[in-house]
Amino acid sequence: FDRDGKYKASIGGEGRGQTQFLFPDNVFYRSKTQKYYVYDGDLLRVQEYNRDFMFNRSFPLPLFIEALGISDDDRIFCYSSGTASIKGADKVVYECDWEGKIRNSFCKQARMFSPYAESKGGGILLAGNCIYVITPYEYVIHQYTLDGKAIRSIKGTSRNYVPLSIKPKMPASFEDLNERMAFHATWSHMRQILKIGNMIGIVFAEPGERRVFLDLYDYDLDRMTGDILLPKYIGLGGVYCQGD
């Protein structure tokens, strides 16, 4: 839509073919090339479109993801906050090639992860030739090189963030959805990491999602300001920023 709300164009329709989707779950816009990348969580693939929304190509992904990023030198990075277990991956960042094969993985799953607390959120941010990572389970921001070498990690100190207890009282039954949802409402969830000008924005919710806040850091992970109340925040990607 244009700035007056007039319809301009759309991408795709329902289906399994090219330019079609079953569950379009994530969009990444690469400003350098003015291309859009749309991830489908049911078809496990990414479709590339140009600035006029014309289809260019698609490639598969071998895992479910919540965030996608493509560097200036065409490297593909994916973020997944999914289950960490003996049968599952214990990392949250994956670099894939354009054929969908995993080339590297790094950033361990949060130590506070529990299947009872399984939650979506967090994500990755590519900025300043680095990749920044945060998971839903704890307020810790990680900084890595694009090759997965750790640079720095810091723990957030916002007064409105309530951490998951070190020894939380777990629901009596894993199958009881009401108990699990009540458990989720006892601690804060990291919702989003995004670039705002030359700053890193961290979005997190109060327990029970009553209020949502924004903290701001520089690229060295020094806190600049925070606890900015965000009105009417919806979903996991409720903040979008262009410029500063």
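A salt bridge is here a side-chain nitrogen of Lys or Arg within 4 Å of a carboxyl oxygen of Asp or Glu. By that rule R75, E95, R103 and D147 are linked in a network of salt bridges. The model is predicted: local features need pLDDT of at least 70, side-chain atom pairs count only at pLDDT 80 or more, and totals for chains, interfaces and linings use all residues. Residues are numbered from 1 along each chain as its sequence is written, and side-chain values use heavy atoms, with hydrogens and water left out.

Helices (H or I, at least four residues) and strands (E, at least two) are DSSP runs, numbered from the N terminus. Two strands count as paired if DSSP finds at least two bridges between them. Strands of a sheet pair through backbone hydrogen bonds, either parallel or antiparallel.

L61 has a relative accessible area of 4% and is buried; buried means under 20% relative accessible area, exposed over 50%, and partly exposed in between (1.4 Å probe, protein chains only). The C-alpha atoms of L61 and G243 are separated by 30 Å, the two residues being 182 apart along the chain.

Another open sheet of 4 strands has the order β7-β8-β9-β10, also with antiparallel pairing. Here β7 (67-70) and β10 (102-108) are the edge strands, each pairing on one side only. Neighbouring strands of this sheet are turned by 20 degrees against each other on average, direction ignored. Strands β8 (residues 76-79) and β9 (residues 91-96) pair in the antiparallel sense over 4 bridges, and the bridge partner of C78 in β9 is Y94.

The charged pairs come next. Side chains of opposite charge can pair when their charged atoms come close. The count comes to 14 salt bridges. One of these joins D147 and R75, whose closest N and O atoms are 2.7 Å apart. D147 lies in the loop between β13 (140-145) and β14 (150-155) and R75 in the loop between β7 and β8, so the pair ties together parts that are 72 residues apart in sequence. D147 is exposed, at 55% relative accessible area, whereas R75 is buried, at 16%. Both belong to the network that also includes E95 and R103.

A further salt bridge joins the side chains of E138 and R111 (3.9 Å, N to O). This pair links distant parts of the chain, with E138 in the loop between β12 (130-134) and β13, and R111 in the loop between β10 and β11 (123-127), 27 residues apart. E138 is buried at 14% relative accessibility, while R111 is exposed at 64%. In the salt bridge of R223 with D215, the closest N and O atoms are 3.5 Å apart. R223 counts as partly exposed at 37% relative accessibility, and D215 as buried at 0%.

Of its 14 lining residues, R111, E138, K155, Y161 and P163 are the closest to its centre. A pocket is an open set of points on a 1 Å grid over the protein atoms alone, with protein on both sides within 12 Å along at least five of seven lines, whereas a cavity is a set of points where a 1.4 Å probe fits but cannot get out; lining residues have an atom within 4 Å of a point. The lining divides into 8 nonpolar, 3 polar and 3 charged residues, with Ala, Val, Leu, Ile, Met, Phe, Trp, Tyr, Cys and Pro counted as nonpolar, Asp, Glu, Lys and Arg as charged, and the others, Gly among them, as polar.

Key. Axes are lines fitted to C-alpha atoms, for helices over the stretch in contact, and angles run from 0 to 180 degrees between N-to-C directions.
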